[in-house]
Amino acid sequence: MSRIFDSLREKVHKRRRRKSYERGSPVSTPPPAMPPQSILTKRFNGLLNGMGLNEEKRQKMENLSSAQKWTLLCQQEEKKKDATTLAPHILIAQMKANPDLLILEKLVVSVTSEPITWINGFIENGGLELLNQILGEAIKN
């Protein structure tokens, strides 16, 4: 089973490298103005909650300067705009309809790049059981 995931991971990395080359160098735009401290803290705590960090790592992140926190939040927003990742329930529906290699590649990308809340949503919606079923059928064939 690990060979399947290793193969998928390699294909995803090749595709990412190819896409980044095709896009050319990105043009950076200045970040929006920093919000008031109370809003910044609330949004940053939301980001940290979604990351599933242990206490030590969370404390280090909380000790960042306001400018660093704002930069991380802006980067997260840019990532959401560029995301090709699907919501867990949509990916699960696609896996049920057509469990092919492309769908499993999307799953690998999501599991390796999305926050722990996405993975929890995938598990809560029956995605892990479905993945187990798909892989079990693939091994039998």
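1. Rings of Phe, Tyr and Trp, the last represented by its six-membered ring, count as a pair if their centres lie within 6.5 Å. By this rule, the present structure, which is a predicted model, has a count of one aromatic pair.

2. That pair is formed by Trp118 and Phe122, whose rings are stacked, with 5.6 Å from centre to centre and 10° between the planes. Both residues belong to helix H7, which covers residues 116–124. Trp118 and Phe122 are four residues apart, about one turn of the helix. Each of the two, Trp118 as well as Phe122, is buried.

3. The crossing in which H5 passes H8 is left-handed.

4. Which residues make the contact between H5 and H8? On the H5 side they are Ile92, Met95 and Lys96, and on the H8 side Gly127, Leu130, Leu131 and Ile134. Sorted by class, the contact of H5 with H8 comprises five nonpolar residues, one polar and one charged.

5. Leaving aside residues up to four places away in sequence, Arg58 touches Asn45, Leu48, Asn49 and Leu53.

Key
Residues numbered from 1 in each chain as written. Predicted model: local features only at pLDDT ≥ 70, side-chain atom pairs only at ≥ 80, totals over all residues. Heavy atoms only, no water. Left-handed = near helix turned anticlockwise from the far one by under 90°. Helix = DSSP H or I, 4+ residues; strand = E, 2+ residues; numbered from the N terminus. Contact = heavy atoms within 4.5 Å. Nonpolar A, V, L, I, M, F, W, Y, C, P; charged D, E, K, R; others polar. Phe/Tyr/Trp six-rings, centres within 6.5 Å; stacked < 30°, edge-to-face > 60°. Buried < 20%, exposed > 50% of the residue type's maximum accessible area, 1.4 Å probe, protein only.
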